[in-house]
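I opened this notebook to record what I looked up, beginning with the sheets and ending with a pair of helices.

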Amino acid sequence: MRIVIALGGNALLHRDERPDAAVQEANIDRVTTAIAALAQEHEIVITHGNGPQIGLLAVESAADPALSAPYPLDLLGAQTQGMIGSLLVRTLHDALPGRRIAALVTHTLVRADDPAFDHPTKFVGQVYPYEVASTLARKRGWHIAADTTGWRRVVPSPAPERILETDTVHELLNSGTLVICAGGGGVPVTADQDTGALTGAEAVIDKDLTAALLAEDLKADFLLILTDVPCVYAGYGTPDQRPVLGATPAELRRGGFPDGSMGPKTEAAARFVERTGGLAAIGSLDAAYEIVHGRSGTLVRPDLTVT
C-alpha cells in the first residue's frame, strides 16, 4: 500500500519547548519509531509541518543587523525543509538499514491572485502574550491572531495548485525509495503567465492540504495525518466533547472545525477521499501503525450511498 504521511508541525518541537536543535534531535526519535513499522510493510512518503521552525528563522532574520532586509518566507521555508529532512533521513537510515531514503526540497505552485495573500491566517512561530505579540507586530509589520494559548504571527496561506517535483517523487517511489518532501507545504512559488518563470511567494502553504494534493497525484491508497491528539473531537474543549471515530467527507465538513487547528486536517482528509475513493485518517503520532490498521484515530471513508 502507498501511504502519504503528514507529520504535524509540533512533531519535532512541542508547544512550550525551547526551540533548541538538541530538543528537536531528541524528538525525532519518537517520529522514527512511529513511522519505521509502517515503512517495513508499505511504500511511504513523508511530509511535515514547519510552523515553529520557520517562525524561529523569521525572528532571527528580522533581528540580524548584517541583513538589509529579512529573508523572505519562501527561502526560510526551503531552509526548514533541508533541516527537518536531514534529521528524518539520519534517524530513518538507522531504523531501516538498507532502505533507500531521500529528502527533497520541493516547490508548490500557488496562484498570484489567491485572495489568501490579503487575509493572513497561517500560524507560524511561537506563542506570545498579547502585549508582546502586539509590540512585535508594530515593530516588524506582522499580522497577529489569537491561538489556543496566546497570540501568534499569521501569514498568507494560499491554496496549493501543484507540486512541481511530483514526477521525481513518483520515480523515487517506484525505485523503492522512502521519500521526504513537501515540508511546510513546499516552497511557495508563482509562475509567470507568459514565460512560466518561477518567483517565490511570501507565504506558508498548509502542509495538510499539500499532502492531500500530493497523495492524489501519486495515486496513494491512504493519507495519514498525524497530530498531537488521538482523533478528531466534535465540540473539542467543551463539556460536550466526543470522539469522532469514523466519518465521510460530508460529515466531517458539517463538524465546523476551526481553521487554526483541526479545520485544515479534516478538509485535507475529505478532499483526498472525495477525489480518489481512498482512505484517510487523523490521529496521534504514537499510534500511526494502529491507525492504519483500523485500531485508532478517525477514519475518513468514501460516502458509498447510492443516489
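Entry on the eight-stranded sheet. I traced an open sheet of eight strands, in the order β3-β9-β2-β1-β12-β16-β17-β15 and with mixed pairing; I took strands as DSSP runs of E of at least two residues and helices as runs of H or I of at least four, numbered from the N terminus, and two strands as paired if DSSP finds at least two bridges between them. At the edges I found β3 (100-103) and β15 (246-247), each of which pairs on one side only. I then followed β1 (residues 2-7) alongside β12 (residues 222-227), which pair in the parallel sense over five bridges, and noted that Leu-7 has Leu-226 as its bridge partner in β12. Helix α5 (residues 166-174) packs on this sheet, touching β1, β2 (43-48), β3 and β9, and its direction makes about 150° with that of β9; contact here means heavy atoms within 4.5 Å, and such angles run from 0 to 180 degrees between N-to-C directions, with axes fitted as lines to C-alpha atoms, for helices over the stretch in contact.

Entry on the basis of the values. The model is predicted, so I kept in mind that local features need pLDDT of at least 70 and side-chain atom pairs count only at pLDDT 80 or more, while totals for chains, interfaces and linings use all residues. Residues are numbered from 1 along each chain as its sequence is written, and side-chain values use heavy atoms, with hydrogens and water left out.

Val-179 lies in β9 (residues 177-180) and is buried, with a relative accessible area of 0%; the cut-offs are under 20% for buried and over 50% for exposed, with partly exposed in between (1.4 Å probe, protein chains only). Leaving aside neighbours within four places in sequence, I listed the contacts of Val-179 as Ile-44, Val-45, Ile-46, Ala-102, Leu-104, Val-169, Leu-172 and Leu-173. The C-alpha atom of Val-179 is separated by 5.9 Å from that of Ala-103, 76 residues apart along the chain. Ser-284, in β16 (residues 279-284), also counts as buried, at 14% relative accessibility. Not counting residues up to four places away in sequence, Ser-284 touches Leu-226, Thr-227, Val-229, Pro-230 and Ile-291.

Entry on a loop. Gly-294 lies between α9 (288-292) and β17 (298-300), and I recorded this glycine as exposed, with a relative accessible area of 63%.

Entry on the four-stranded sheet. I found an open sheet of four strands in the order β8-β4-β10-β11, with mixed pairing. β8 (162-163) and β11 (198-200) stand at the edges with a single partner strand each, so one side of each is left without a neighbour in the sheet. β4 (residues 107-109) and β10 (residues 187-191) pair in the parallel sense over three bridges, and His-107 stands opposite Val-187 in β10.

Entry on a helix pair. How do α2 and α3 cross? The axes of α2 (residues 51-63) and α3 (residues 73-95) come within 9 Å and cross at roughly 125°, which makes α2 oblique to α3; angles under 35 degrees count as roughly parallel, over 145 as roughly antiparallel, 65 to 115 as roughly perpendicular and the rest as oblique. The contact is made by Gln-53, Ile-54, Leu-57 and Ala-58 of α2 with Leu-73, Leu-76, Gly-77, Gln-79, Thr-80, Met-83 and Ile-84 of α3.
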